[in-house]
Amino acid sequence: MKKVKAFGIIVMILLLLAGAAAVYYVLLPARTFDVPSVSLEGQEAMPFSGSWHTRLLRQPAWLADRIPITKETAANQTGVSYQRLGGLDMKKLQLQVPEDADRCTFELIRPFETVNPVEAEGDLADWQSFEFTRNGDYSLTVYLHYDEDESYDAADFQYNFDFTIDVQPKVSFSTDRALQGDIIRVTADMGFETESPEIETDLGQCAFIPMGDNCYEAYVPVAYNQSAAAKDIVVHAGEKDVTGHVVIVPASFEVEYFDMPQETIDSTMNVPGAAEDYKQKLGVLAEERYTVWEKLWDGQFIQPVEGTITSSFGLYRFINGSTTASRHQGIDIAVAEGTPVPASNRGQVVFADFVIMTGNTVVIEHGAGLKTIYMHLSELDCEAGDMVEKGDIIGLVGSTGYSTGPHLHFEVRIGGASVSPWPLIEGTSTIYGNE
Ligand SMILES: [Zn+2]
């Protein structure tokens, strides 16, 4: 009897303990798990499905205030599951996921593609380096995984974003008002277009060069003697034509009355064939075959030598009482005979020879038809075809050709149009726009 009674008490105690344990377990505070959100291009989405995995002897899911995520519960929580972003004019999309997620993977699908609908898949790093290569409809699914730890159960969530990639070529013009002597930069981001853009303008000879990432730039010269007028620049970019309207604004140029020794004129300008010599040697350099179709220059152009500017850019020069002015297409820098002349920037020497009118002359092509010209040198230290770095010595200052004393005539041309060297030297030129 006693044994039976004792056994009964033990069973009761065990039952009570078990009951107490059950009550304790049931009353354990529910562990909350904020449902994480994911954003694509700033558009937040809640999971359209998710689940987590409770450990053994853990509060069962039906007692927690968390239940498996469904489309409805997620939408109730804050907002939107199945985020629809509409049309996006971008090659890369910014994905933001919670930092505490232990794993993030994605799958990008072209929903209307029946064969190979998967465009890309991988982890967050893969997404960050992913770039779209074609327009169309896309569906992005993002998977977040949380490992089990002290405070959380393991959990998985899925997010969905639908959108259309619609990238079109974009053309922009650095300005709609340009001074005589300026350069207008034209930028064409061609998107997924495989053809190069083309430019049409009567301001001067120029063409697009590739700048990477399917972007192109062209540098339109506004010559010192370009008439002040409204001008159109037309860019053919894939299917569409984009027109830029630019007003050319008159710049103020200095006037100089100058006495030139007759013997200098006779030994240069008046030599039979001098004009033809200039035309054949320097006139042809505007031709496309002397253009390098890539950017060779590297950063800001330097003023080759320091000295007094004796003749300014675009100067009107009345010589020996003449009633008609000649124009000065560069700048004259007075400096001692024999001073080394460095290349203003990186480029390819396309001419290094003697010209009756300009003396020993060097022309460097820096890409896209942008050239620097150095005249009246006493010595040439480079040859046509040489690649030169900025600062490489290309010759020595002299007074050869149409010149009355040692100086460097420094000039900048695009195609056949002379433009002001100052914005290039001072770092304000529009060509530096993207550097
Ligand atoms: Zn000069």
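This is a predicted model: local features need pLDDT of at least 70, side-chain atom pairs count only at pLDDT 80 or more; totals for chains, interfaces and linings use all residues.
Figure 1. Strand 1 covers residues 38-40 and runs antiparallel to strand 5, joined by two bridges. Look for Leu40, which stands opposite Leu95 in strand 5.

**Figure 2. The protein chain as a whole.** The protein chain holds six helices and 31 strands. It has 435 residues, and 32% of them count as buried. Take the contacts in the protein chain with a separation of 6 or more: residues 24 or more positions apart account for 68% of these.

**Figure 3. The largest nonpolar core.** This core has 57 residues. Which of them touch the most other members? They are Val186, Ala218, Tyr219, Val220, Val362 and Tyr374. Strand 26 (residues 370-377) supplies the largest share of the core, five residues. Domain 2 (170-249) and domain 3 (255-432) both give residues to this core, so the core lies between them.

**Figure 4. Contacts of Tyr219.** Tyr219 is one of the residues that touch the most other members of the largest nonpolar core. The contacts described here leave aside neighbours within four places in sequence. Tyr219 is then in contact with Ile183, Arg185 and Cys206, and also with Ala368, Leu370, Ile414 and Ile431.

Figure 5. Strand 18 and strand 20 (residues 316-319) run parallel, with four bridges between them. Within this pair, Glu256 stands opposite Arg317 in strand 20.

Figure 6. Gln168 sits in the loop between strand 9 (154-165) and strand 10 (170-173). Is Gln168 buried, exposed or partly exposed? With 15 other C-beta atoms within 10 Å, Gln168 is partly exposed. Not counting residues up to four places away in sequence, Gln168 touches Asp89 and Gly191. Glu193 is 25 residues from Gln168 in sequence. In space, the two are 8.0 Å apart, C-alpha to C-alpha.

**Figure 7. Strand 24 and two of its pairings.** Strand 24 (residues 347-355) runs antiparallel to strand 28 (residues 387-388), and two bridges join them. In this pairing, Gln348 stands opposite Met387 in strand 28. Strand 24 also runs antiparallel to strand 25 (residues 359-365), here with seven bridges. Strand 24 and strand 25 form a hairpin, with three residues between them.

**Figure 8. Two loop residues with positive phi.** Neither residue shown is a glycine. Asn116 has a positive phi of about 45 degrees. It lies in the loop between strand 6 (103-109) and strand 7 (118-123). Asn116 counts as exposed because it has 8 C-beta neighbours inside 10 Å. Asp213 has a positive phi of about 60 degrees. Its place is the loop between strand 14 (209-210) and strand 15 (215-221). Asp213 has 10 C-beta neighbours inside 10 Å, so Asp213 counts as exposed too.

**Figure 9. Strand 8 with strands 6 and 9.** Strand 8 (residues 136-146) pairs with strand 6 in the antiparallel sense, over seven bridges. Glu107 stands opposite Thr141 in strand 8. How many bridges join strand 8 to strand 9? Eleven bridges join them, and the two strands run antiparallel. The bridge partner of Tyr138 is Phe163 in strand 9.

Conventions
Residues are numbered from 1 along each chain as its sequence is written. Two strands pair if DSSP finds at least two bridges between them. A residue is buried if 20 or more other C-beta atoms lie within 10 Å of its own, exposed if 12 or fewer, and partly exposed in between; C-beta atoms are placed from the backbone. Two residues are in contact if their C-beta atoms, placed from the backbone, lie within 7 Å. A nonpolar core is a set of buried Ala, Val, Leu, Ile, Met, Phe, Trp, Tyr and Cys residues joined through C-beta atoms within 7 Å. Domain bounds come from an automatic or database domain assignment.
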